[in-house]
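Open the model in your viewer and keep the selection panel at hand. We will go stop by stop.

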Amino acid sequence: MATLLTGSSTSSILTRPYSARAGIGELGILMMNMGGPRTQDDVAQFLSNIFLDRDIIKLPMQKTLGQFIARRRVEKVKRQYMQIGGGSPIEKWTRIQGEGMVNALDRQSPETGPHKYYVGFRYTEPSIRSAIEEMLRDNIDHVIAFTQYQQYSGSTTGSNFNELYRAQKQLDPGSKLRWSFIDRWGTHPKLISAFADRVEAQVQRLEDDVRQETPILFSAHSLPLNVVDRGDPYVAEVGGTVAYVVDELRRRGITNPYRLTWQSAVGPLRWLAPQTEDAIKSYGANGYRSLVMVPIAFTSDHIETLYELDIEYGETAQKAGISQYLRAEALNDHPPFIDALATIVKEHIDADFPTSAQLLLPDPGEESKQTTLTRQWIASQARPLK
Ligand SMILES: C=CC1=C(C)c2cc3[nH]c(cc4nc(cc5[nH]c(cc1n2)c(C)c5CCC(=O)O)C(CCC(=O)O)=C4C)c(C)c3C=C
Ligand SMILES: [Fe+2]
Ligand SMILES: [Fe+2]
């Protein structure tokens, strides 16, 4: 008997019965995000994919104007990616996170394993489509669509789920894949604690005489005001993350003043204020000589942290007289963050795949036809509570 509990055959003995019992079969965890150009050659396609997506930006004559705006940005954005190593590290980090997450799940929850992760990006390869094809080839039965945007916005997770709806309908017409969704997790205690670690590390680096007064500037990707006006929950959800991180910092004895500002507005629309860059200038003008910057709406490094926060706003800070400009590291491969990802998935499995379809716009009258279809599809996948 003892041999049954050791050796390589044990894992299949332990995993199969659980899957059969729970009726799940093989599990896949789909890490969904924006994506980014791997190389300079991918920048043009990446930008045109963004500007053709009506979930992120609605333009009159979308195809023509979208291509036009994308083309106009190519050279500038290429130069920015050149300065951070030639391309976006988002795929590298997503794979490190996915790998760490499934290893932790295999350790913590062998009865639901082996766990497999897939990467599905909205605007670049590996795309949502190629991930679905890969999962069908691998004979996956149940997919957890796990957005890597911790706060929900129709322009990010909503856009990903709309693309997911279209892709699965086309590639899996017989609905072999069963789906459940993790659509937001911006206040999960383990995420909050991982963010607090990153902030605390920078606060410790501050000079003694300014350690307690230095402002902590939480910076999130901005949204156009017309998206906010539609009732997009992103602003409130980012505010929620900030409030919880600040509470956790207080528990650790860090009581610095803080503020939430918005970065990366593009084009002529009106966007959220205050803009991160303006806030940096005004702190400088008001005599502050140190700042701690915290990217709060991203889980890994890419152009918005490595170029915009570090290089572009770093220069702004220097010109404004801020000599100690520190940035909290992105969560990247921080072990407590990897543990947070695994815990979020494990809680989802343990709670029998709860899925909320209340994830789009609060006013159904404002919802696009596509969004309504996606919402109905998500609702159809929800399992009844046992
Ligand atoms: C929480 C995250 C993000 C929100 C909200 C968001 C909204 C949003 N973005 C654009 C347009 C662009 N975003 C671009 C890059 C980019 N955006 C995010 C995240 C959010 N965007 C990330 C992580 C990245 C970087 C990708 C990488 O490097 O891997 C770009 C391309 C770069 C550029 O041209 O400056 C555009 C364009 C809009 C219009 C929008 C709001 C609805
Ligand atoms: Fe963006
Ligand atoms: Fe940007």
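The tour below goes from the domains to the ligand, then to helix pairs and a few backbone details.

This is a predicted model, in which local features need pLDDT of at least 70, side-chain atom pairs count only at pLDDT 80 or more, and totals for chains, interfaces and linings use all residues. Residues are numbered from 1 along each chain as its sequence is written, while chains are lettered from A and ligands numbered from 1 in the order in which they are written.

**Stop 1: domains**

Colour the chain by domain. Domain 1 is 2-36 + 88-185 + 335-381, domain 2 is 40-82 and domain 3 is 189-327. These bounds come from an automatic or database domain assignment. Now look where domain 1 touches domain 2: nine residues of domain 1 and eight residues of domain 2 make the contact. Contact here puts two C-beta atoms, placed from the backbone, within 7 Å.

**Stop 2: ligand 1**

Select ligand 1 and its shell. There are 25 residues around the ligand, and G36, S88, S155, H302 and I303 come nearest. A residue belongs here if its C-beta atom, placed from the backbone, lies within 6 Å. By class, the shell has 16 nonpolar, seven polar and two charged residues. Next, show the helices α2 (43-51), α3 (62-82), α6 (154-171) and α11 (303-319); each gives the shell at least two residues. Helices (H or I, at least four residues) and strands (E, at least two) are DSSP runs, numbered from the N terminus.

**Stop 3: α12 and its partners**

Select α7 (residues 189-205) and α12 (residues 335-350). Their axes come within 8 Å and cross at roughly 170°. Axes are lines fitted to C-alpha atoms, for helices over the stretch in contact, and angles run from 0 to 180 degrees between N-to-C directions. The pair is therefore roughly antiparallel. Angles under 35 degrees count as roughly parallel, over 145 as roughly antiparallel, 65 to 115 as roughly perpendicular and the rest as oblique. Show K190, L191, S193, A194 and D197 of α7 against P336, F337, D339, A340 and T343 of α12. This contact has five nonpolar, two polar and three charged residues.

The axes of α4 and α12 lie 8 Å apart, at an angle of about 60°. So α4 is oblique to α12. The crossing is right-handed; the term applies if the near helix is turned clockwise from the far one by less than a right angle, and left-handed if anticlockwise. On α4, pick Q97, G100, M101, A104, L105 and Q108; they meet I338, D339, L341, A342, V345 and K346 of α12. Seven nonpolar, three polar and two charged residues form this contact.

**Stop 4: α10 and α11**

Move to α10 (residues 276-285). The axes of α10 and α11 are 8 Å apart, at about 20°. That makes α10 roughly parallel to α11. T276, E277, I280, K281 and G284 of α10 contact Y313, T316 and A317 of α11.

**Stop 5: backbone details**

Most residues other than glycine have a negative phi, and most peptide bonds are trans. Where are the exceptions?

- G113 to P114: a cis peptide bond, omega near -5°. P114 sits in the loop between α4 and β2 (116-121).
- E125 to P126: cis, omega near -10°. P126 sits in the loop between β2 and α5 (128-137).
- M61: not a glycine, yet its phi is positive, about 50°. Find M61 in the loop between α2 and α3.

Technical notes: Nonpolar A, V, L, I, M, F, W, Y, C, P; charged D, E, K, R; others polar.
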